[in-house]
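Please keep the sequence and the structure in view while reading.

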Amino acid sequence: MTPVQYARCLGGIVTREALRWTQQRGRFFSALVRPLVWLAIFAAGFHFVLGVSIIPPYDTYIPYEVYIAPGLLAMIQLFNGMQSSLSMVYDREMGSMKTLLISPFPRWFLLTAKLLASVVVSVVQAYIFLGIAWFWEIDPPPLGYLTVLPALILSGLMLGALGLVLSSFIRQLENFAGVMNFVIFPMFFASSALYPLWRVKESSLTLYWICQVNPFTHATELIRFALYGQAEPLSAGVVAGATLLFMILAVWGYDPGRGLLARRGGGE
Amino acid sequence: MTAASAVALDVEGLSHAFGPRAVLRDVGFTLTPGDFTVLLGLNGAGKTTLFALVTRLYHSRDGRIAVFGHDLRQQPSAALAAMGVVFQQPTLDLDLTVQQNLAYHASLHGMAGSRARLRIGEELERVGLADRRHSRVRQLSGGQRRRVELARALVHDPALLLLDEPTVGLDIESRRFLIDHVRHLCRERGLAVLWATHLIDEADDTAKVIVLHHGQVLDQGPVPQVAERAGAGTLRAAFDRLTGGGR
């Protein structure tokens with residue numbers, strides 16, 4: 001296989017993911033509406049309850065809507081990663097996963113391509129959200145729209161890779177509800193997405209440390225700083241490390257000799 | 001497709017187990033180009049596991065599989081590039097069009113867009129669905145979907161075609177079409193075909209047959225020879241004798 005053929009394969013996988021996203025209208029709209037509901041209802045409700053003091057990267061007092069916007073961007077990517085994982089479990093149950101896995105390209109490449117495809121979709125969703133959020137006066141510096149891109153790609157990779165790991169370990173579609181309860185909600189709520197960590201620390205030191213080790217916190221902070229043109233090296237390191245770890249686990253999970261696929265026992 | 005070996009598919013001493021449960025025991029057979037070979041076995045005989053191993057969905061614990069001389073463990077890329085597969089379960093994306101499904105498959109084989117479009121057109125023409133190219137798969141009947149899957153398996157021009165229970169759930173006409181089309185491909189293109197089924201009448205006297213029962217090959221060869229060795233007049237009678245009436 002030549003590099004050109006690798007590129008064609010990647011292009012095909014990304015195109016399929018994009019087509020599925022746009023042609024499944026329910027998924028398309030819910031992905032856009034979900035963060036807006038949080039912004040319009042949740043943030044409006046908490047606007048006067050939670051005061052946000054001046055903390056980096058902000059250099060002034062900010063409304064609560066502005067504070068949670070990066071968390072909602074990370075949430076879009078979290079849901080997208082889980083959605084893509086869900087569709088992989090569905091694909092496997094329905095059989096279409098086999099079409100991907102019998103391709104002559106190496107399996108690590110196919111999984112990485114699948115991951116990149118899901119990241120492309122999540123980054124597009126994130127920018128659509130940023131466009132709409134502008135009307136809520138969430139207006140980071142113009143350059144921030146550019147500097148947030150690498151952060152969105154990196155956090156999208158991490159959350160997409162997490163989705164891949166989960167999809168390789170979930171036996172059936174029915175078990176997916178458990179994942180929502182045990183992965184998505186704890187990750188989202190025990191993070192800096194909805195409230196600054198200094199506030200969490202005031203109420204519970206244990207929760208504060210849970211938030212600190214939660215990679216979702218670092219995805220959120222990476223996006224938050226990048227959106228205001230600043231770098232957050234610790235978060236970037238944690239997100240990159242977690243991406244690598246999740247990817248290794250996913251390749252293991254889908255390995256024909258070792259992973260769960262082999263132990264599961266086919267459709268006989 | 002360049003054939004590095006005259007043997008299209010070589011399976012030797014293949015065994016597999018899920019935990020303590022042995023599913024395949026010392027399975028061995030070869031397929032040569034132009035062969036239409038029916039893998040005959042009841043449900044649970046191990047056909048789908050055999051397909052999963054040959055298509056590298058998982059590795060075999062014991063034994064060796066080679067496609068045109070390419071060992072599946074050592075050279076998986078060359079081996080997989082030479083095979084087209086129709087799985088038992090439908091694997092098309094219902095929300096995408098026929099063209100989009102086939103183009104996706106072509107990209108998974110690294111094919112260029114122009115060549116892919118040409119080959120997709122040719123294969124859809126063969127199965128009589130060229131005019132449904134832009135229809136969503138959801139709008140097609142079961143028989144038409146199966147034909148699309150066959151066209152898809154052939155888009156990258158494989159020299160070995162594997163079909164796992166391809167006629168399950170199809171009406172008589174669709175079933176006939178599929179068998180005739182695949183047999184025609186064997187004669188015309190010299191395609192090697194492994195056709196797994198539990199329907200005995202899908203193996204006529206010109207086919208080769210592998211009788212798989214409880215994970216073991218009980219006999220194999222041209223249908224008349226297998227029948228004769230079992231001391232039976234027909235393949236059905238031979239199958240019953242070999243398997244003890246399917247027990």
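Is the crossing of α1(A) and α5(A) left-handed or right-handed? The crossing of these two helices is right-handed. The model under discussion is predicted. The points below take up two helix pairs in chain A and then several individual residues.

**Helices α1 and α5 of chain A**

- Helix α1 of chain A covers residues 3-23, and helix α5 of chain A covers residues 107-133.
- Their axes come within 9 Å and cross at roughly 45 degrees. The arrangement of α1(A) relative to α5(A) is therefore oblique, since angles of 65 to 115 degrees would count as roughly perpendicular and those under 35 degrees as roughly parallel.
- On the side of α1(A), the residues in contact include Y6(A), C9(A), I13(A), R16(A), E17(A) and W21(A). Their partners in α5(A) include F109(A), K114(A), V121(A), Q125(A) and I128(A).
- Sorted by class, this contact holds 16 nonpolar, two polar and three charged residues.
- The buried residues of α1(A) are C9(A), G12(A), I13(A), R16(A), E17(A), R20(A), W21(A) and Q23(A).
- The length of α1(A) can be checked by simple reasoning: at 1.5 Å a residue, its 21 residues should span 30 Å. The C-alpha atoms at its ends are 30 Å apart, which agrees with that expectation.

**Helices α6 and α7 of chain A**

- Helix α6 (residues 144-169) and helix α7 (residues 176-189) of chain A pack at an angle of about 160 degrees, and their axes are 13 Å apart. Because an angle over 145 degrees counts as roughly antiparallel, α6(A) is described as roughly antiparallel to α7(A).
- The contact is formed by L159(A), L162(A) and L166(A) from α6(A), together with V179(A), V183(A) and M187(A) from α7(A).
- The residues of this contact divide into six nonpolar, no polar and no charged.
- The crossing in which α6(A) passes α7(A) is right-handed.

**A buried serine in chain A**

- S155(A) is found in helix α6 of chain A. S155(A) has a relative accessible area of 0% and is therefore buried, as the limit for that class is under 20%.
- Neighbours within four places in sequence aside, S155(A) is in contact with Q77(A), A219(A), I223(A) and V239(A).

**Residues with a positive phi**

- E137(A) is not a glycine, yet its phi is positive, at about 65 degrees. E137(A) lies in the loop between α5 and α6 of chain A.
- With a relative accessible area of 63%, E137(A) is exposed.
- E165(B) likewise has a positive phi, of about 45 degrees, although it is not a glycine. This residue sits in the loop between β7 (160-164) and α6 (172-189) of chain B.
- E165(B) is buried, with a relative accessible area of 3%. Apart from neighbours within four places in sequence, E165(B) is in contact with N43(B), K47(B), Q88(B), R146(B), A196(B), T197(B) and H198(B).

**An arginine in chain B**

- R145(B) belongs to helix α5 (residues 142-154) of chain B. Its relative accessibility of 26% means that R145(B) counts as partly exposed.
- Leaving out neighbours within four places in sequence, R145(B) is in contact with L92(B), L94(B), V137(B), R138(B) and L140(B).
- R145(B) and A22(B) are 123 residues apart along the chain, and their C-alpha atoms are separated by 34 Å.

Key
Residues numbered from 1 in each chain as written. Chains lettered and ligands numbered in written order. Predicted model: local features only at pLDDT ≥ 70, side-chain atom pairs only at ≥ 80, totals over all residues. Heavy atoms only, no water. Axes fitted to C-alpha atoms, helices over the stretch in contact; angles between N-to-C directions. Helix = DSSP H or I, 4+ residues; strand = E, 2+ residues; numbered from the N terminus. Left-handed = near helix turned anticlockwise from the far one by under 90°. Contact = heavy atoms within 4.5 Å. Nonpolar A, V, L, I, M, F, W, Y, C, P; charged D, E, K, R; others polar. Expected span 1.5 Å × (residues − 1). Buried < 20%, exposed > 50% of the residue type's maximum accessible area, 1.4 Å probe, protein only.
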